[in-house]
Amino acid sequence: MKGQKLLITGAAGFTGRHAVHLFLAGGAEVTAVVRPPSTAGALASALFPEGVKVYYCDLSNRKAVAEMIKETTPEAVLHLAGNNSVPESWRNPLLFMETNVMATLYLLEAMRSLPASRILVAGSRLKFKPGVVAGPPHPYSLSKTIEELVSLAWGTLFKQPVLLAEPCNLIGPGPSTGFCSLLAQHIVRSEVHAGEGIPPFKLSSRYALRDFLDVRDAVRAYDFILREGTNGTIYQIDSGTQRQLGDIAEQLISRSSASIPMDWGPAQAALSIAVNGVAGDKLITSDAFATPEENVSSLGWKPGIEFSQSLTDILDYCRVNWEGRML
């Protein structure tokens, strides 16, 4: 996307930070959208390399979103912003409708003024199939299902170039609350506070299978989709390899010489376990619009970072920030 004006929402998040670096290095004119200044937001500019424009915007404010698009006139948008905590979605379901659905609609509506600009919305594998299953497993699933449906419908109704991406569990260095990062933080705490009675890290099941992909490879996939993807298509992004959580835990622990307290869970395989804040083994897709779904590999993308390297990078990141601070 060399030379193009790219707007990245959720730029201060785990995936967003990697996206900013990759697209800037590729020659894009990057505008990083972050929440309005606060104690943490005031430091947002320090998160990004020189040359990145930082724009503060509350995406739940329709007028603010319209003004942002008017001022930045992006040629492409990578929409990563939103809430993704399943437990939090139970406590505050309306917030998830506002941040995952209404904010996306405000963005899509504002982008109608730029009909040639492509919009890539980061969806979720935890959408559900309306009319086929009894209902969503949690409010987060409901919000992401509606977000996907309205995004694709808006593109159809108003002839907008809208695309969807559905990544698997993303891992890598950075401020992640996913399984691998949480375990890595536990390992580092155990190294630093050895002998101080650190509570064990608990697995619901060591046998549950997950597909993990390095976030840097996922961001490369977003680049492929924005450049080569077909409008109105949902692109699946994954490594193609299912791994047992227990095996992953053992690989991370083997990278430490400390004694790491662990609760390995029941002896038999459990039906579900929380990963990246999301519970459930089965990924139920929705075809309410009979939307084409493809794997991003059809565009020529393939993973480039070895799983072992991802684990090493996660531990290195956590050791630099051993207090567990999300920097």
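## A buried lysine and its partners

Analyst: This is a predicted model. In it, the side chain of Lys127 is in polar contact with the side chain of Glu293, at 3.1 Å.

User: Is Lys127 buried or exposed?

Analyst: The relative accessibility of Lys127 is 2%. Buried means under 20%. Lys127 therefore counts as buried.

User: Which residues of helix H2 are buried, and why are they on the same side of H2?

Analyst: Helix H2 covers residues 62-72, and its buried residues are Val65, Met68, Ile69 and Thr72. They lie on the same side of H2 because they cover an arc of only 95° around the axis. In general, an α-helix has 3.6 residues a turn, so residues three or four places apart point the same way. The arc asked about is thus held by Val65, Met68, Ile69 and Thr72.

User: Which exposed residues are on the face of H2 turned away from its buried side?

Analyst: The buried side holds Val65, Met68, Ile69 and Thr72. The face turned away from that side carries the exposed residues Lys63 and Lys70.

User: What covers the buried residues of H2?

Analyst: The cover includes both strands and a helix. Among the covering elements are strand E1 (5-9), strand E2 (29-34), strand E3 (53-56) and helix H4 (93-110).

User: At what angle do H2 and H4 pack, and how are they oriented to each other?

Analyst: The axes of H2 and H4 are 9 Å apart, and the packing angle is about 40°. The contact is made by Arg62, Val65, Ala66, Met68 and Ile69 of H2 and by Tyr106, Leu107 and Ala110 of H4. The crossing is right-handed. H2 and H4 are therefore oblique to each other.

User: Where is Ala165, and how far is its C-alpha atom from that of Val121?

Analyst: Ala165 lies in strand E6 (residues 162-167) and is buried, with a relative accessible area of 0%. Beyond its neighbours within four places in sequence, its contacts include Leu120, Val121, Tyr222 and Ile237. Ala165 and Val121 are 44 residues apart along the chain, while their C-alpha atoms are separated by 6.3 Å.

User: How far apart in space are Leu163 and Thr230?

Analyst: Leu163 is in strand E6, where it is buried with a relative accessible area of 0%. Not counting residues up to four places away in sequence, Leu163 touches Gly229, Thr230 and Asn231, among others. Leu163 and Thr230 are 67 residues apart in sequence; C-alpha to C-alpha, the spacing is 7.3 Å.

User: Which residues does Asp313 touch, leaving out residues up to four places away in sequence?

Analyst: Asp313 is part of helix H9 (residues 307-320). Asp313 is buried, with a relative accessible area of 17%, because the cut-off is under 20%. The residues that Asp313 touches are Pro173 and Arg216.

Conventions: Residues are numbered from 1 along each chain as its sequence is written. This is a predicted model: local features need pLDDT of at least 70, side-chain atom pairs count only at pLDDT 80 or more; totals for chains, interfaces and linings use all residues. Side-chain values use heavy atoms; hydrogens and water are left out. Buried means under 20% relative accessible area, exposed over 50%, partly exposed in between (1.4 Å probe, protein chains only). Helices (H or I, at least four residues) and strands (E, at least two) are DSSP runs, numbered from the N terminus. The arc is that of the directions from the helix axis to the C-beta atoms. Contact means heavy atoms within 4.5 Å. Axes are lines fitted to C-alpha atoms, for helices over the stretch in contact, and angles run from 0 to 180 degrees between N-to-C directions. Angles under 35 degrees count as roughly parallel, over 145 as roughly antiparallel, 65 to 115 as roughly perpendicular and the rest as oblique. A crossing is left-handed if the near helix is turned anticlockwise from the far one by less than a right angle, and right-handed if clockwise. A polar contact is a pair of N or O atoms within 3.5 Å; within protein, one must be able to donate a hydrogen and the other to accept it, and residues adjacent in sequence count only if both atoms are side-chain atoms.
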